[in-house]
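Open the structure in your viewer and keep the sequence beside it. This tour goes from stop to stop, telling you what to select and what is there.

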Amino acid sequence: MNLGKSADKQTKRTNLTNRTKQWYRLLYYIVRATLTKGRDPCWEYKPNKYNTYITFKTRGCEYFKTKSTYLHRFVYAVFNDTPLSTTDVIMHTCDNRICINPKHLKLGTIQTNNADRERKRKLNIKRNKCN
């Protein structure tokens, strides 16, 4: 019986250590992000060779079952302590693909993402007609 309690403590300690490692990885990218101007600025992480979604190796991260994902998905998963499936979509409310501000990221589905895109496209068409 003591062996079971010892194994449980070891598992909890390992999970805590893994989460700590993921937070340090998250901070690595947040510290290197640049802030845009405005009231609620985007945190743009933009290495030299990227201008769109940034691929990120998860290295056995508990939040993903795949070996790599996009950086904004990693930020959302770690910040909200939520494992993501491959069907989950993380939407940018700011429409800035390189933004990693957790306030600008929300969980959705493919359907909600497509509906959001269409709604915003229609708003842009109306704005362009007025000018």
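Leaving aside its neighbours within four places in sequence, which residues is Asn 96 in contact with? Select Asn 96 to find out: the residues are Cys 42 and Glu 44, where contact means heavy atoms within 4.5 Å.

Before moving on, note that this is a predicted model, in which local features need pLDDT of at least 70 and side-chain atom pairs count only at pLDDT 80 or more, while totals for chains, interfaces and linings use all residues. Residues are numbered from 1 along each chain as its sequence is written, and side-chain values use heavy atoms, with hydrogens and water left out.

**Stop 1: the whole chain**

Show the protein as a cartoon. There are three helices and six strands; these are DSSP runs, numbered from the N terminus, with helices being H or I of at least four residues and strands E of at least two. Along the sequence they follow the pattern α-β-β-β-β-α-β-β-α.

Of the 131 residues, 30% count as buried. Buried means under 20% relative accessible area, exposed means over 50%, and partly exposed is in between, using a 1.4 Å probe and protein chains only. The accessible surface comes to about 9800 Å², and 53% of that belongs to carbon and sulfur atoms. Such areas come from the Shrake-Rupley method with a 1.4 Å probe, and for residues only the protein chains shown count as cover.

**Stop 2: the loop between β5 and β6**

Go back to Asn 96, which lies in the loop between β5 and β6 (105-108). Is Asn 96 buried or exposed? Asn 96 is buried, because its relative accessible area is 15%.

Now select Asp 95, found in the loop between β5 and β6. Asp 95 counts as exposed, because its relative accessibility is 51%. Its phi is near 60 degrees, a positive value in a residue other than glycine. Most residues other than glycine have a negative phi.

**Stop 3: helix α2 and what follows**

Select α2, residues 71-80. This helix is mostly covered, with eight of its ten residues buried. The buried ones are Leu 71, His 72, Arg 73, Phe 74, Val 75, Tyr 76, Ala 77 and Val 78.

What comes after the helix? Asp 81 follows α2 and is found in the loop between α2 and β5. Its phi is positive, near 50 degrees. Asp 81 counts as partly exposed, because its relative accessibility is 42%.

**Stop 4: the nonpolar core**

Select Phe 64, Leu 71, Phe 74 and Ile 100. These have the most contacts inside the largest nonpolar core, which has 19 residues. A nonpolar core is a set of buried Ala, Val, Leu, Ile, Met, Phe, Trp, Tyr and Cys residues joined through side-chain atoms within 4.5 Å. The elements giving two or more residues to this core are α1 (2-31) and α2. The largest share, six residues, comes from α2.

Stay on Phe 74 and show its surroundings. Not counting residues up to four places away in sequence, Phe 74 touches Gln 22, Arg 25, Leu 26, Phe 56, Cys 61, Phe 64 and Thr 69.

**Stop 5: empty space**

Rolling a probe the size of a water molecule over the atoms shows where empty space is left. On a 1 Å grid over the protein atoms alone, a cavity is a set of points where a 1.4 Å probe fits but cannot get out; a pocket is an open set with protein on both sides within 12 Å along at least five of seven lines, and lining residues have an atom within 4 Å of a point. Grid points are joined across faces, edges and corners, and a volume is the space filled by probe spheres set on the points.

The largest pocket holds about 450 Å³ of space. Select Tyr 53, Ile 90, Met 91, His 92 and Asn 113, which lie nearest its centre among the 17 lining residues. α2, β5 (89-92) and α3 (110-130) each supply at least two residues of the lining.
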